[in-house]
Amino acid sequence: MKTIIVIPTYNEKNNLSGLVKEVFSLAIADLSLIIVDDNSPDGTGILADELAGEMPGIKVIHRAGKSGLGSAYIAGFKLAMAAGADYVMEMDADFSHDCRYLFDFLKEIKNADLVLGSRYIESGGIKNWNWLRRLISSLGNVYARLILGAPIYDLTGGFKCYRRAVLEKINLDELDSTGYVFQIETTYLAWKQGFAIKEIPIIFAERETGKSKFNFKIFFEALFRVLFLRFKDR
Ligand SMILES: Nc1nc2c(ncn2[C@@H]2O[C@H](COP(=O)(O)OP(=O)(O)O)[C@@H](O)[C@H]2O)c(=O)[nH]1
Ligand SMILES: [Mg+2]
């Protein structure tokens, strides 16, 4: 089965090559990467091209400027589908998502359509987030779960594995979210379409290098878009 991991990057120069090497060191069969860089001022895009020159399993998409996590994933998903992926994964570039969980994802996706790395089920968790970020994330998840009525504990996480059929069905051109709320939208639409979703526990570790791109604009976008998603008939 062909697996492609899409990794969006914005100013991840000090994380990217270490991460790529760690992923390939796992020697997972038929695994490749698509890096989607938004013209990072720190030169992450140039580094990504260098890595792609050294390693055949890497493709790079360059976008003109920072246009949000959701639209970066959509660009990456389209290329992954065109490249014939059976499984398409999402993963951050900053080591928050531990590579060793890839084995769990690839085991579970055999019996599910979408596997979510979940911080909010037993054995899952978060390391090194301050109380405010924890509060925003946990309340955000409760809020989204209640409004949307989807029995999923981590709707906002970004460590995910989709079976190809899910992405074919949810119509990438119709997704409305450009920011982080994209995570909620994709999982919610997959659930609404009746796909089997499996949450597996992960410990999310806050990055040690570089800066988070999370901000309050993203937070408010999520508050409103969740309501919109609930009442939009799709
Ligand atoms: N291409 C692209 N990547 C982004 C954008 N925003 C965030 N990212 C990447 O998405 C991943 C998660 O972002 P991060 O800032 O670590 O968010 P946090 O973990 O929620 O604090 C990282 O790999 C970022 O570099 C964006 O606008 N464009
Ligand atoms: Mg991060």
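1. Asn39 sits in the loop between E2 and H2. Helices (H or I, at least four residues) and strands (E, at least two) are DSSP runs, numbered from the N terminus. Asn39 is not a glycine, yet its phi is positive, about 55 degrees. Most residues other than glycine have a negative phi.

2. A word on the basis. This is a predicted model: local features need pLDDT of at least 70, side-chain atom pairs count only at pLDDT 80 or more, and totals for chains, interfaces and linings use all residues. Residues are numbered from 1 along each chain as its sequence is written, and side-chain values use heavy atoms, without hydrogens and water.

3. Asn11 belongs to the loop between E1 and H1. Its phi is near 55 degrees, again a positive value in a residue other than glycine. Asn11 has a relative accessible area of 27%, so it is partly exposed (buried is under 20%, exposed over 50%, partly exposed in between; 1.4 Å probe, protein chains only).

4. Next, a helix pair. Helix H1 (residues 13-25) packs on helix H2 (residues 44-54) at an angle of about 20 degrees, and their axes are 9 Å apart. Axes are lines fitted to C-alpha atoms, for helices over the stretch in contact, and angles run from 0 to 180 degrees between N-to-C directions. The angle makes H1 roughly parallel to H2 (under 35 degrees; over 145 is roughly antiparallel, 65 to 115 roughly perpendicular, the rest oblique). Lys13, Leu16, Ser17 and Val20 of H1 meet Thr44, Leu47, Ala48 and Leu51 of H2. Contact means heavy atoms within 4.5 Å.

5. Strand E2 (residues 31-37) holds Ser32. Ser32 counts as buried because its relative accessibility is 17%. Leaving aside neighbours within four places in sequence, Ser32 touches Thr3, Ile4, Ile5 and Gly57.

6. The largest nonpolar core has 37 residues. Such a core is a set of buried Ala, Val, Leu, Ile, Met, Phe, Trp, Tyr and Cys residues joined through side-chain atoms within 4.5 Å. Val6, Ile34, Phe77, Val88, Leu167 and Ile184 have the most contacts inside it. Helix H3 (69-82) is among the elements that each supply at least two residues. H3 gives the most, with seven residues.

7. Ile34 deserves a look. Beyond its neighbours within four places in sequence, its contacts include Ile4, Val6, Ile61 and Leu79. Another core, of 31 residues, lies apart from the largest one, and Leu33, Met89, Leu102 and Leu106 are among its members.

Terms used. Chains lettered and ligands numbered in written order.
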